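Hi everyone, thanks for coming. Let me put the structure up, and then we can walk through it together.

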Amino acid sequence: MTRLLLGVTLERVCKAVLLLCLLHFVIIVILYFDVYAQHLAFFSRFNSRSSALAQPSPNASRPHGTEAPGPSPQPGANHSSTQQPLPPCQEVPPGLVGRLLIEFSSPMSMERVQRENPEVRAGGKYAPPDCQPRQKVAILIPFRHREHHLRYWLHYLHPILRRQKVAYSIYIINQYGEDTFNRAKLLNAGFLEALRDEADYDCFIFSDVDLVPMDDRNLYRCYEQPRHFAVAMDKFSFRLPYAGYFGGVSGLSRSQFLKINGFPNEYWGWGGEDDDIFNRISLNGMKVSRPDSRIGRYRMIKHERDKHNEPNPQRFTKIQNTKATMKRDGISSLQYQLVEVTRWPLYTNITVDIGKPPPRPARG
Ligand code: UDH
Ligand code: MN
């Protein structure tokens with residue numbers, strides 16, 4: 001009798017164990033398919049993204065019928081309409097690393113920079129894939145014959161800007177011909193051409209091609225007040241050279257830029273235009289904002305003075321007259337010819353003919 005009872009109990013226990021095993025197996029199968037389905041969804045998203053980007057990029061106007069030379073367009077962020085809306089990017093990007101090691105001794109090739117930045121789309125465009133950026137930024141670089149500096153700039157800046165989680169495009173504003181250089185007029189032309197390319201930029205950052213930030217906490221975006229980024233450059237012993245310095249790298253929102261009537265067009269050659277811009281900002285009731293000097297540190301690639309960019313002897317008198325000149329000289333009076341727009345993998349080149357300085361009135 002006791003044996004029979006023991007046998008029945010044992011049988012029940014065995015059945016229960018078997019049932020548990022079966023249940024366990026079913027749960028494992030369900031979980032397995034769930035993970036598999038997620039993988040499938042991920043890869044199908046990835047595939048649709050790369051195939052969408054295999055299309056030729058819509059090109060900006062090419063006045064002289066030029067083709068974008070070099071390798072084919074690069075992939076970049078492109079969200080299909082079926083995807084969930086992205087969460088807004090965090091105010092302070094989580095992936096910043098702080099102080100950076102910047103050096104210009106090892107040679108840099110464009111092939112290497114391209115290879116190391118596959119996320120950048122044709123024309124030097126990027127948007128964070130995982131969050132909705134707070135601003136859309138056009139970065140404008142006044143340029144002529146500084147290809148070796150540009151390679152370093154792109155090498156360092158693309159990864160920094162990606163970590164900073166902004167949507168951005170890089171525009172090289174290349175001065176056509178060999179007449180006297182005019183940094184501020186080039187930047188005015190760049191402002192209009194960037195907006196012709198994409199009409200919804202919120203923010204414009206104006207950077208010399210030879211200046212690389214040494215800290216990625218120096219966020220390339222626009223602020224409540226016009227921003228001066230290059231606070232502590234190595235060539236000025238990491239100090240602001242004077243309180244009203246606004247040179248090197250600066251940033252204005254679209255409305256801040258328009259409020260000051262853009263930049264002056266009449267500073268030919270080196271110097272003064274940045275002080276004129278500083279005056280415009282103050283005269284229009286705004287105040288320059290800056291990062292802490294421990295964060296706003298920069299290295300400038302060492303170079304000699306360029307040809308056709310001699311110091312402008314008129315700059316000292318001109319900066320005394322900003323109040324009188326800013327209303328007539330600026331983005332409202334800008335004249336130039338667009339020569340060529342070319343989308344390269346890591347930047348958009350915009351070549352403009354901005355003319356030459358007016359002849360000096362004869363003395364006597
Ligand atoms: N730029 C060019 N090409 C030129 C001139 C200027 O691309 O021919 C652009 C470039 O973005 C450059 C910016 O304009 O970074 C400002 O010009 P700059 O770098 O010549 O100005 P900076 O104040 O130099 O750095 C002054 C000359 C220093 C000579 C020192 C010799 N030891
Ligand atoms: Mn320089």
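Let me start with what I mean by a pocket: on a 1 Å grid over the protein atoms alone, it is an open set of points where a 1.4 Å probe fits, with protein on both sides within 12 Å along at least five of seven lines, and lining residues have an atom within 4 Å of a point. Please keep in mind that this is a predicted model, where local features need pLDDT of at least 70 and side-chain atom pairs count only at pLDDT 80 or more, while totals for chains, interfaces and linings use all residues. Residues are numbered from 1 along each chain as its sequence is written, chains are lettered from A and ligands numbered from 1 in the order in which they are written, and side-chain values use heavy atoms, with hydrogens and water left out.

So, the largest pocket. Its lining has 41 residues, and nearest its centre lie Arg183, Asp208, Lys235, Trp270 and Asn309. The volume is about 930 Å³, counted as the space filled by probe spheres set on the grid points, which are joined across faces, edges and corners. Helix α6 (273-283) gives the largest share of this lining, three residues. By class, the lining has 16 nonpolar, 10 polar and 15 charged residues; here Ala, Val, Leu, Ile, Met, Phe, Trp, Tyr, Cys and Pro count as nonpolar, Asp, Glu, Lys and Arg as charged, and the others, Gly among them, as polar.

Now to the metal. Which residues coordinate the manganese ion (ligand 2)? They are Asp210, through OD, and His303, through NE2, at 2.1 to 2.3 Å. Donors are N, O and S atoms within 2.8 Å of the metal (3.2 Å for Na, K and Ca), and water is not among the atoms, so sites may look incomplete. The two residues are 93 apart in the chain: Asp210 sits in the loop between β4 and β5, His303 in the loop between β9 and α7. Those labels are DSSP runs numbered from the N terminus, helices being H or I with at least four residues and strands E with at least two. Asp210 is buried, at 4% relative accessible area, while His303 is partly exposed at 33%. Buried means under 20%, exposed over 50%, and partly exposed in between, with a 1.4 Å probe and protein chains only.

Finally, the strands. β5 and β9 pair antiparallel over three bridges, with Val212 partnering Arg299. β7 and β9 pair in the parallel sense over two bridges, and Met233 stands opposite Tyr298. Pairing takes at least two DSSP bridges between two strands.
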